[in-house]
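This report considers side-chain contacts between charged groups and between aromatic rings. The sequence and the model are shown first.

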Amino acid sequence: MADADRPHPTVTTAHGPVRGERRTTGTRFLGIPYAAAPVGGLRFAPPAPPEPWTAPLDATAYGPTAQRRGFDGATIPEPSVPGAGILNLNVFTPAPDPDAALPVLFWIHGGGYVGGSAASPWYDGAAFNRDGVVLVSVGYRLGIEGFLHLADAPDNRGVRDWIAALKWVRDNIAAFGGDPDKVTVAGQSAGGGAVQTLLATPAARGLFRAAISMSGSLIEPQGRWVGPAVAELFTRRTGLPATAAALRDLPDGRLLELQDALSAPGPGRERLPGPLLGPVADGDLVPRPVLTELTEGDLAAGVPLLLGYTRHEFHEFGGQELTDLAFRGPALVVARARAARELPTWLYEFAWPSPVPGPRQGLAFHCLDLPFVFDLLDAEGVAAAAGDAPPQQLADAMHAAWVAFVRDLDPGDTWPCHAPAEPASFAPVRAP
């Protein structure tokens, strides 16, 4: 029996062998370390390589998550898994065949840069495997650990984690059946903002060939002054210096208390972004604000981009204004600016209204498009968001478009590229 056909096939990575779990759609390898556990002196440092191992690593269960607590009433089931080794990733592959050279979808979860989990059942790669795509989902540092400006630590540590994981994919994904030259980065909400940030980050250049930003969320404004200003507010509200030396040895619970104090309403936030923690233009890793780079710069000019939003996003919390300001408006700005330069760009609006009774009935709200893209309408929690009979035709259409984009750099003939002559046109991503 070939190893790929065994119930628990083994793949050798640059750091050591990993043993996965074979399923009907392919094989999954969960919780693979792509960097060392960020503890002690590494807590606020750039990601470092993991210690190598020799015996096969059991990769049949999700690894630790940076999320230590979930969101009350969250749409997406997002498990929190305890443990220090949070810089891990999951690989879902049709077959761990080094000769397969399949396209790869690199998935970055959302959660406002302070929560979220790569262990969500909504991010299972089964349907992508069925259709010949390798899926990689990644965990990264969140909140204070990932994004608070510290005087004695590098900025944008969460961004550095994404880049380290992409480098792991470049160096290892061929052994799992993927082609390192056919990687598409994708994400939703904060994950969509992560994708846009990577497009504006020179250090990520060459690590992917295409990008998908679903409901991409960036903190605005993003100038170099924002990080130090948030750090100053942190010190005023907590009494602690914004330094790695002061925070390095604090337990997770205490760090969450400090994060809550920073994010609480009150004076001192007038000029600062709504969410205070997330990627910023630090003048180094991210040279200038992301939207400026995407609309005026050339760094992402050669990268096909698919982006969009749900019609109502957070309508139930702030009317349509919040959706327009945080999601629809920025997506239109980027799409129109790229289209004006004839750069390959596709824009979508997800408009299918949920039938579930309650304040979101009749709305196409934030996250509702995810189970359609992943073609996982029977996954845990989907019925609570989309009802007992969400339209399979819509999942077929969206999933097929994403697969085509990852495989062919084009979502298909029925979805025209965004053009200046049609500035308000959207792909018809709606149920028949």
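## Salt bridges

R311 and E349 are joined through their side chains by a salt bridge, at 2.9 Å from N to O; the term requires a side-chain nitrogen of Lys or Arg within 4 Å of a carboxyl oxygen of Asp or Glu. R311 belongs to the loop between β11 (305–310) and α9 (315–340), and E349 to strand β12 (residues 345–350), so the contact ties together parts that are 38 residues apart in sequence. Helices (H or I, at least four residues) and strands (E, at least two) are DSSP runs, numbered from the N terminus. R311 is partly exposed at 31% relative accessibility, whereas E349 is buried at 6%. Here buried means under 20% relative accessible area, exposed over 50%, and partly exposed in between (1.4 Å probe, protein chains only).

The model is predicted: local features need pLDDT of at least 70, side-chain atom pairs count only at pLDDT 80 or more, and totals for chains, interfaces and linings use all residues. Residues are numbered from 1 along each chain as its sequence is written, and side-chain values use heavy atoms, with hydrogens and water left out.

## Further charged contacts

The salt-bridge count is 17. One of these pairs is R160 with D284, whose closest N and O atoms are 3.9 Å apart. Because R160 lies in helix α3 (residues 157–172) and D284 in the loop between α7 (252–263) and α8 (290–296), this pair ties together parts that are 124 residues apart in sequence. R160 is buried, with a relative accessible area of 18%, while D284 is exposed at 56%.

A salt bridge also connects the side chains of R288 and E293, at 3.0 Å from N to O. R288 is partly exposed at 31% relative accessibility; E293 is buried at 10%.

## Aromatic pairs

The model has 16 aromatic pairs, a pair being two rings of Phe, Tyr or Trp (its six-membered ring) with centres within 6.5 Å; planes under 30 degrees apart count as stacked, over 60 as edge-to-face and the rest as tilted. W168 and F176 form a tilted pair, 5.8 Å centre to centre with 45° between the planes. Both residues, W168 and F176, are buried.

The pair W346 and F405 is edge-to-face, because the ring centres are 5.8 Å apart and the planes lie at 80°. W346 in strand β12 and F405 in helix α12 (residues 392–408) are 59 residues apart, and their pairing links distant parts of the chain. W346 and F405 are both buried.
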